[in-house]
Amino acid sequence: MCTWHRLIPKEQMDLLTYCRNLPKVELHAHLTGSLSDDTVLQLLEAKEKELGSKNSLCSAKITISKGHQRSLDECFRVFELLHSLTDSLEAIRKITQNVIQEFAEDGVRYLELRTTPKNILGKMTKKEYVDTVLEAMINEMKTCRIMVRLLVSVDRGRGVEDAWSTLSLAKQYLDHDVFKGLLVGIDVSGNPNKGNLADYIPILKEAKKCGFKLAVHLAEVKSCVEETDAVLQNGLVDRIGHGTYLLDNNGYGINNQDMILKHHIPIEICLSSNVKTESVSSFEDHHFPVWHALKHPLAVSTDDKGVFSTTLSNEYYICAKTFNLSEKDIHELCLHAVEATFLPSSDKDILRQMVKDDLSKLMGKLFLGRMTTNTLKPSTVLEICTPKELS
Ligand SMILES: [Zn+2]
């Protein structure tokens with residue numbers, strides 16, 4: 001009879017449970033892409049009532065219900081669907097509340113949400129959109145154990161004029177009576193094959209001058225070497241989104257890599273997103289370990305947790321499992337994310353202390369190995385599985 005069992009001492013946790021208990025910081029989360037399947041189904045039903053038709057949204061429901069099984073094409077269809085469902089201020093309020101609650105339930109202590117303000121004729125202005133998101137953030141912070149800040153997104157596919165108007169809107173919140181301090185930065189995102197990032201440099205310079213921090217999706221595709229050089233050489237990036245093709249062997253100048261290392265520009269790491277969109281062929285081929293080996297600051301993030309059917313706990317789990325991270329490595333990742341936030345130093349001090357306190361309570365509780373019944377006292381056994389399940 002086989003005596004092997006998977007036994008976890010009572011005081012310890014398996015890796016996924018441990019990741020769920022980590023005090024996490026989420027820095028790369030697009031509001032609309034973060035909607036859970038439940039929220040999308042609620043919005044679909046509301047839309048059906050509005051349109052008085054069930055059939056037109058039937059295929060959308062099937063796509064949503066596929067969850068983890070979605071193909072790349074279906075992921076993009078979900079993006080389109082989400083934008084069509086979020087065309088009222090009521091929907092914007094609801095999705096903001098739900099997304100914040102879901103991150104809080106996943107153990108996220110600090111969240112930087114990003115979103116592109118929408119202007120829909122007869123339904124909302126960009127300002128009403130941002131006001132609604134900020135109001136919902138304030139409400140949720142009263143009831144959930146989470147701190148939330150906002151980045152407004154500049155969509156590189158919408159042109160420079162639209163970006164200037166988004167920046168001038170963002171400026172209105174710098175000294176706002178109610179919302180001051182909540183809008184901390186600008187995100188530059190959108191289809192990397194559309195527009196040229198270099199055209200946005202004057203806007204980014206102006207944003208920096210106003211005191212906004214900049215998170216820029218950078219080097220997402222192989223063909224954007226020149227624009228990446230231009231933005232980095234101008235010292236305009238406070239955090240890099242993805243940075244998939246930044247390393248030398250992809251044709252990028254070694255100067256860029258040196259500059260990123262020298263200025264400790266944090267990189268937002270979105271493993272599931274990169275693999276599901278096929279910008280990286282597998283978790284094992286991801287650029288995370290290269291930067292991690294150089295002790296560069298990295299922030300594990302979800303990107304679009306709804307579209308890619310993930311959570312931040314799951315991203316930490318994938319990262320730790322794929323790259324064989326130790327408990328100390330995992331704790332360092334949590335703390336690196338704190339340092340990479342766009343919070344002012346006094347708020348960052350509070351967050352750092354909170355994260356450190358929670359991490360110290362977890363120290364030593366990660367179960368890393370397998371044990372036999374002979375090495376454990378019966379009272380410590382939490383979970384037993386059959387030898388078959390171990391293979
Ligand atoms: Zn993104």
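I began with strand β4 (residues 147–155) and strand β5 (residues 183–189), which pair in the parallel sense over six bridges. For my own bookkeeping, two strands pair if DSSP finds at least two bridges between them. Strands (E, at least two residues) and helices (H or I, at least four) are DSSP runs, numbered from the N terminus. Looking for a bridge partner of S153, I found D187 in β5.

Next I checked helix α6 (residues 126–143), which packs on the sheet and touches β3 (108–115) and β4. Contact here is C-beta atoms, placed from the backbone, within 7 Å. The direction of α6 makes about 160° with that of β4; axes are lines fitted to C-alpha atoms, for helices over the stretch in contact, and angles run from 0 to 180 degrees between N-to-C directions.

A friendly caution to myself: this is a predicted model, where local features need pLDDT of at least 70 and side-chain atom pairs count only at pLDDT 80 or more, while totals for chains, interfaces and linings use all residues. Residues are numbered from 1 along each chain as its sequence is written.

Then I looked up β6 (residues 213–218) and β7 (residues 239–242), a parallel pair over four bridges. L218 stands opposite H242 in β7.

I followed β7 on to β8 (residues 267–269), and that parallel pairing has two bridges. There, I240 faces I267 in β8.

Last, I wrote down the whole open sheet: eight strands in the order β2-β3-β4-β5-β6-β7-β8-β9, with parallel pairing. β2 (24–30) and β9 (298–300) each have a single partner strand, so one side of each is left without a neighbour in the sheet.

Terms used. Contact = placed C-beta atoms within 7 Å.
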